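Here's a look at the charged pairs in this model. Have the sequence and the 3D view handy as you read.

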Amino acid sequence: MAKPDEVVREGEEVNVKVLSVDPVEKRIRLSIREVNSEGRPAREPRQNKQETAQPLVEENKEENGPTLGDVFGDRTQGQNTRGRFRCAEIKNMVESKEKEGTYETVPRKPREKSETGIYHVIVRGIGQQDIFHEEEDFQRYLETVKKISRESGVSVFGYCLMTNHVHLLLKEEDGDISVFMKRLGISYAYWYNWKYERMGHVFQDRFKSESVKDDAYLLTVIRYIHQNPVKACITNKPEEYEWSSCAAYYKADQNAAAFPDTRLILGIVHKEQKRAIEELKKYTAEDNEDRCLDCDKSKRISESEAYEIAKKIMNGKPVTTLQTMDQEARNKILSRLRNDGLSLRQICRITGLPLHIVRKA
């Protein structure tokens, strides 16, 4: 008797050993094939795969369970399914989980719906990168906020634009804050990428929001928003920061502009406008749990100062050009930024460079 790997002669009896069974086509591979009279394996003529495979699948379908085509419909018809696994176990698992009510996708968690329609919204630059580099950038974003607010039925009660993130206090009138923020983000990102000749995302993930449920928390949020520049050591007085709504509140008796809408919050503070402004100033200046006024001005360079230092070193070129600069020239500039007192994180936010590149420079 010949061994499985030996060539056999015509007429010689051999034991056939099944090596494997293809789970889809049911093709039996043999260790010994038919041989011709010369002792060499005979080549079989090619046959249509569908003609030979289909009867075998149908014949053994009940015994071995459903195929990919049974589970997923006609998507696998006409395709090369050699090597694919059988899906009976998967189908059984799915059916059992559907019966138990535990088989479902994991959707994005819905936003908490505010009964008052008022939300505190935060949006950040991608990777905590700066999204405002020049005065024109701040102005462009605010103009876009005003425009979309008028068109979308969303009121703006307050705002604060920091270099790498934005705070907004919004109320849904006839509109939806998700639509508002989507339009705002797309519009500014398109303009920002055009101006700085870049591609990719500008903002990090989707915006974050929290519902404002009562008047007390509404006052807390507007104070928190207006104290952001104080917390970042940019200024000691929130009304002096140009890119927040604080000054608009403090000068509401002199300016009847509709943006931002100061009427609701001032009306909560006091019925008389002048008295309301004075009370709001006192309230904003009070110490609170955030300890926003207790920043150490002598140990940290503010974000605006850091950006001004970077602009001087870059000689008028956009700071983001460091991303495409050759390594030697880039490292010289990064070293100068660090020597001038900027922290690693500040350099990363301003330039958009990864931390490991800044650290190695």
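Lys 147 is partly exposed, with a relative accessible area of 41% (partly exposed sits between buried, under 20% relative accessible area, and exposed, over 50%, with a 1.4 Å probe and protein chains only). This is a predicted model, where local features need pLDDT of at least 70 and side-chain atom pairs count only at pLDDT 80 or more, while totals for chains, interfaces and linings use all residues. Residues are numbered from 1 along each chain as its sequence is written, and side-chain values use heavy atoms, leaving out hydrogens and water.

Lys 147 pairs up with Glu 151 in a salt bridge, meaning a side-chain nitrogen of Lys or Arg within 4 Å of a carboxyl oxygen of Asp or Glu. Glu 151 is partly exposed too, at 44%. Helices here are DSSP runs (H or I, at least four residues), numbered from the N terminus.

Helix α10 (residues 273–285) holds Glu 279 and Arg 275, also four residues apart, about one turn. Glu 279 is partly exposed at 28%, and Arg 275 is partly exposed at 43%.

How many salt bridges does the structure hold? There are 11, including these:

| Pair | Closest N to O distance |
|---|---|
| Asp 137 and Lys 195 | 2.7 Å |
| Glu 279 and Arg 275 | 3.4 Å |

Asp 137 forms a salt bridge with Lys 195. That pair links distant parts of the chain, 58 residues apart: Asp 137 is in helix α4 (residues 135–152) and Lys 195 in helix α5 (residues 177–195). Asp 137 is buried, with a relative accessible area of 0%.

Notes. Helix = DSSP H or I, 4+ residues; strand = E, 2+ residues; numbered from the N terminus.
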